[in-house]
Amino acid sequence: MGRLGFGVRLLPLAVFGVLALSLVLAEQEGENLSGLSNNPDKAIFAVRENGTTCLMVEFAVRFLVPYDVLALNGIDLITEQASFTLPRSAEIEGNCDSSESEIHITWKNKAYSLRIFFSKEFPDKGTEVWKISKVQFIYDTSETSHFINAYNPGKHTATTHRLSALVTPAGHSFVCQAQQTFTLISSDHQKGITMSMYDVQIQPFDIASDFVFSEPYKCITDQRERLEETLPLILGFILALIIVITLTVYHFHLKMTASQPQLPRDRSMYKNM
């Protein structure tokens, strides 16, 4: 009887543990907000924890993946390139922490899987920044919508090496219209996978308002392009200002000289004065 009672007492504890684990897992969830974008190529994904946004990305992503196909002679291998974009309908998972976070994006029944890892650090005199520390891409060459007649098809993993990208001050979102390109090395005979992101806004930490990016930090490329766009306007304005000032001074000079008495130019007229 004592043993039975002990077993009955253990059962609620086990059930409680399962419920507690389920509750913890349910606190983090992925949200696909791509329908809010008017750009058909842009996806918007968010990871939420405890009912509020802790990580959010908005971007368009394109992959360029080399793969082997058998040549017409049936002996040699040739390399083809598969080019495709990250679909807006992808499934989202993620993990948020105070110093490390990640977003996990899958599509085509998990034939494709993209993981982006973020981290915080203090590179100089206590100035806190965040960055992309790693990108991992898993793809299946037996998926025939992009990989046609692939030789020895199967799953491969491509990963970045010693990555430190999109370095951004803490508390800010990274914004860049220009293309950001990453090279990943694949387990498929060390082939180089190219992943390009453009029209980007990302924030993996310190999001103050739910589903709202914090103050943007523009990439250097955009800052340079903005300067190149505004510099001709600034120079044109300065030139126009110089012309106006010159004309004003000239007009004032003519007005002043016109009001002064005119001396006769013919010296013979001096005799009559």
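Reader: Hi! Quick one to start: is F147 buried or exposed?
Author: Hello! F147 counts as buried, at 1% relative accessibility. Bear in mind that this is a predicted model.

Reader: Thanks. Which ring does F147 pair with, and what is the geometry?
Author: F147 forms an aromatic pair with Y67. The arrangement is edge-to-face, with 5.1 Å centre to centre and 85° between the planes.

Reader: And where do Y67 and F147 sit in the chain?
Author: Y67 lies in strand β3, while F147 is in the loop between β8 and β9. The two are 80 residues apart in sequence, so the pair ties together those parts of the chain.

Reader: Is Y67 buried or exposed?
Author: Y67 is buried, with a relative accessible area of 5%.

Reader: How many aromatic pairs does the structure hold?
Author: There are 14 aromatic pairs in the structure. Ring pairs also link a cluster made of F63, Y67, F84, W107, Y112, F137, Y139 and F147.

Reader: Nice. Changing topic: how many disulfides are there?
Author: The structure holds 2 disulfides. Counting bonded cysteines along the chain, they follow the pattern 1-2, 3-4.

Reader: Which cysteine does C54 join, and what is the S to S distance?
Author: C54 is joined to C96, with an S to S distance of 1.9 Å. C54 belongs to strand β3 and C96 to the loop between β5 (91–95) and β6 (100–107), so this link ties together parts that are 42 residues apart in sequence.

Reader: Why is the disulfide of C54 and C96 right-handed?
Author: The torsion about its S-S bond is about 70°, so the disulfide of C54 and C96 is right-handed.

Reader: Are C54 and C96 buried or exposed?
Author: C54 counts as buried at 13% relative accessibility, and C96 counts as buried at 9%.

Reader: How about C176, which partner does it have?
Author: C176 forms a disulfide with C219, and their sulfur atoms are 2.1 Å apart. Here the angle about the S-S bond is 65°, and the link is right-handed. C176 is in strand β11 (residues 173–176) and C219 in the loop between β14 (216–218) and α2 (220–258), so the link spans distant parts of the chain, 43 residues apart.

Reader: And their accessibility, buried or exposed?
Author: C176 is buried, with a relative accessible area of 0%. C219 also counts as buried, at 5%.

Reader: On to the strands. What joins β7 to β8?
Author: Strand β7 (residues 112–124) runs antiparallel to strand β8 (residues 127–140), and 11 bridges join them.

Reader: Which other strands pair with β8?
Author: Strand β10 (residues 165–169) is joined to β8 by 3 bridges, running antiparallel. There, I132 stands opposite A165. Strand β9 (residues 155–159) pairs with β8 over 5 bridges, also in the antiparallel sense, and D140 has K155 in β9 as its bridge partner.

Reader: Last thing, the surface. Which residues form a nonpolar patch?
Author: L70, L77 and Y151 form one, with about 280 Å² of accessible area together. L70 is in strand β3 (residues 52–70).

Reader: What is the relative accessible area of L70?
Author: For L70 the value is 42%, so L70 is partly exposed.

Conventions
Residues are numbered from 1 along each chain as its sequence is written. This is a predicted model: local features need pLDDT of at least 70, side-chain atom pairs count only at pLDDT 80 or more; totals for chains, interfaces and linings use all residues. Side-chain values use heavy atoms; hydrogens and water are left out. Patches are made of residues with over 30% relative accessible area and no salt bridge: like charges are joined within 9 Å, nonpolar side chains (Val, Leu, Ile, Met, Phe, Trp, Tyr) within 5 Å. Accessible areas come from the Shrake-Rupley method with a 1.4 Å probe; for residues, only the protein chains shown count as cover. A salt bridge is a side-chain nitrogen of Lys or Arg within 4 Å of a carboxyl oxygen of Asp or Glu. Helices (H or I, at least four residues) and strands (E, at least two) are DSSP runs, numbered from the N terminus. Buried means under 20% relative accessible area, exposed over 50%, partly exposed in between (1.4 Å probe, protein chains only). A disulfide is a pair of cysteine sulfur atoms within 2.5 Å. Two strands pair if DSSP finds at least two bridges between them. Rings of Phe, Tyr and Trp (its six-membered ring) pair if their centres lie within 6.5 Å; planes under 30 degrees apart count as stacked, over 60 as edge-to-face and the rest as tilted.
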